[in-house]
Amino acid sequence: MNETFQRAVSAVAESNLLVVATGAGMSKESGIPTFRDSLDGLWARYDPQELATREGFRHDPPRVWGWYNYRRKLISELEPHGGHRAIARLEALLPQVVVVTQNIDGFHRLAGSTGVLELHGNINRFKCYDRDHPVEEEVPLACQDGPVEPPRCGRCGSPLRPDVVWFGEMLPPGVFEQAETLARSCDAMLVVGTSGIVYPAAALPMSARSGGATVIEVNVEPSEVTPTVDVFLQGAAGEVLPALVAAVEEERSRAN
Ligand code: BJW
């Protein structure tokens, strides 16, 4: 075991409160493209940064609804990988683990994590565009790929949209504040698969550091976060996390 890896193992194994902050790279090995991967197929000519905005939806609701329909369908056909399951396993090893994710795929809960804060919402939840009326009933997937007219809100007739956070929108009330409080009080933070470009999520590792936590990053390449972390583990989430958690388990069983 090299020294850097051992430092990460000890910091995780000794923490009473561990925060795991994840981004799109966490689900890449499940088959979900990261946000900054170029789109393929029918969606290749669109820029996600334009689709994931209120203006993009207002300009062309069927295009944005169709894009989310395509992604929701893809997610429904995929599943969490060993990295998600390794994070869930940590709940049995440490006093408190909270996952703070930017991902909208719901894979952490599906893998067994129970403490999950979703900063950017969930692709399988819906609300209306005009008034944020929540949708309780099932919203079926459209069969065709490409632009699709969104269903209408049963209360006000506004088009439905996914309950995710687009650029320029506020995060769900209270969720970021909770994440920030956890970041400031945790003993260690694992930052996995995020470019660290999108705020306010990108500020969490700095909050953890200023609160005295050891910050460990797992990424296939250096990111905007890397210069500020204590330990950088270069590699894929699906490989690094199972190895890290196995070593944490061993270290804790030796200590008990
Ligand atoms: C692997 C891997 C493997 C690959 N293993 N790793 C300064 C301060 C505060 C705000 C701003 C600011 N400047 C600008 C803003 C506004 C804006 C922002 O941050 N813009 C930046 C682009 C500069 N932020 C907002 O608008 C936020 N709201 C807000 O700030 O409200 C207050 C406000 C309101 C009004 C005006 C101003 C302020 C909201 C942000 C919402 C982001 N929403 C999205 C879409 C969600 C729905 C959807 O998916 O469709 O969230 S954008 C997109 O980016 C998505 C992601 O969650 C998010 C982050 O991306 P992430 O996870 O980092 O992924 P990638 O693709 O960037 O990186 C993947 C990484 O994985 C890479 O590093 C790879 O190397 C790595 N990787 N394979 C491990 N196997």
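Predicted model: local features only at pLDDT ≥ 70, side-chain atom pairs only at ≥ 80, totals over all residues.

Tutor: Start with α5, which covers residues 82–93, and α9, which covers residues 237–255. Two packed helices are described by the angle between their axes and the distance between the axes. For this pair the angle is about 20°, and the axes lie 7 Å apart. Angles under 35 degrees count as roughly parallel, so α5 and α9 are roughly parallel to each other. The crossing of α5 past α9 is left-handed.

Who does the touching? On the α5 side, it's G82, G83, A86, I87, R89, L90 and L93. On the α9 side, you'll find A237, G238, L241, P242, V245, V248, E249 and R252. Sorted by class, that contact has nine nonpolar, three polar and three charged residues.

Now zoom in on L90. Setting aside neighbours within four places in sequence, L90 contacts V12, L18, V97, V245 and V248. L90 also belongs to the largest nonpolar core, which has 31 residues. Along with L18, V20, I216, L233, L241 and L244, L90 is among the members touching the most others in that core. Elements giving two or more residues to this core include α5, α1 (3–13), β1 (17–22) and β2 (96–101). The most comes from α9, with seven residues. There's also a second, separate core of 24 residues, with V175, A183, L204 and V225 among them.

Key:
Residues numbered from 1 in each chain as written. Heavy atoms only, no water. Axes fitted to C-alpha atoms, helices over the stretch in contact; angles between N-to-C directions. Helix = DSSP H or I, 4+ residues; strand = E, 2+ residues; numbered from the N terminus. Parallel < 35°, antiparallel > 145°, perpendicular 65-115°, else oblique. Left-handed = near helix turned anticlockwise from the far one by under 90°. Contact = heavy atoms within 4.5 Å. Nonpolar A, V, L, I, M, F, W, Y, C, P; charged D, E, K, R; others polar. Core = buried A, V, L, I, M, F, W, Y, C linked by side-chain atoms within 4.5 Å. Buried < 20%, exposed > 50% of the residue type's maximum accessible area, 1.4 Å probe, protein only.
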